[in-house]
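Student: I would like to learn how to read a protein model step by step, beginning with the chain as a whole and ending with single residues.

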Amino acid sequence: MQTTKKKKITWTIWGAILGILLGTATSSAIAHLVKPQWLKNLLVEGVAIGFPEISTSLGFFSLHFGFSLRFTLLSGLFMIIIGGVMLLVSFREDS
């Protein structure tokens, strides 16, 4: 029973991460279709979390490091929906 609970929590976390990624991809896809600015601000614009890009160049070789995650309203909606579905899915023990 304990492993089933751990599996459910693990799959719920993976579902939430998948929901964030799908929501961000969806908001990027509809960015050019949404015309009203207030709706674009609500659905497409989001909060960027991360650290800025650091780049260095040696002339013939260039390195770039950076991380950014954009969290939008659609990301939150997809996270709740997919995470909730994964929470409700029943996992059974393999015998």
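Tutor: We shall go from the overall fold to individual positions. The model is predicted, so local features need pLDDT of at least 70 and side-chain atom pairs count only at pLDDT 80 or more, while totals for chains, interfaces and linings use all residues. Residues are numbered from 1 along each chain as its sequence is written, and side-chain values use heavy atoms, with hydrogens and water left out.

Student: How many helices and strands does the protein chain have, and in what order do the elements run from the N terminus?

Tutor: Helices (H or I, at least four residues) and strands (E, at least two) are DSSP runs, numbered from the N terminus. The protein chain holds 3 helices and 2 strands, and their order from the N terminus is α-α-β-β-α. The radius of gyration of the chain is 19 Å, well over the 12 Å that the globule rule gives for 95 residues, so the chain is more spread out than a compact globule. That radius is taken over C-alpha atoms, and the globule rule is 2.2 Å times the number of residues to the power 0.38. Along the principal axes, the C-alpha atoms fill a box of roughly 60 × 45 × 15 Å.

Student: How should I read contacts in the protein chain between residues at least 6 apart in sequence?

Tutor: Contact means heavy atoms within 4.5 Å. Of the contacts here between residues at least 6 apart in sequence, 63% join residues at least 24 apart.

Student: What span should helix α3 have, given 1.5 Å a residue?

Tutor: The expected span of a helix is 1.5 Å times one less than its number of residues. Helix α3 (residues 73-88) has 16 residues and should span 22 Å, which agrees with the 23 Å between its end C-alpha atoms. The buried residues of α3 are L74, S75, G76, I82, G83 and M86.

Student: Where is T72 found, and is T72 buried or exposed?

Tutor: T72 sits in the loop between β2 (62-71) and α3, and with a relative accessible area of 4% T72 is buried. Apart from neighbours within four places in sequence, T72 is in contact with G23, S27, L43, V44, E45 and G46.

Student: Which residues does L22 contact beyond its sequence neighbours?

Tutor: L22, which lies in helix α1, is in contact with F78 and I82 once neighbours within four places in sequence are left aside. The C-alpha atoms of L22 and F78 are separated by 6.9 Å, although these residues are 56 residues apart along the chain. L22 is partly exposed, its relative accessible area being 37%.

Student: What do I49 and T56 touch?

Tutor: I49 belongs to strand β1 and, at 49% relative accessibility, counts as partly exposed; leaving aside neighbours within four places in sequence, I49 is in contact with F67, S68 and L69. T56 is found in strand β1 (residues 47-57), counts as partly exposed at 42% relative accessibility, and touches F61, S62 and L63, not counting residues up to four places away in sequence. T56 and P36 are 20 residues apart in sequence and 40 Å apart in space, C-alpha to C-alpha.

Key: Buried < 20%, exposed > 50% of the residue type's maximum accessible area, 1.4 Å probe, protein only.
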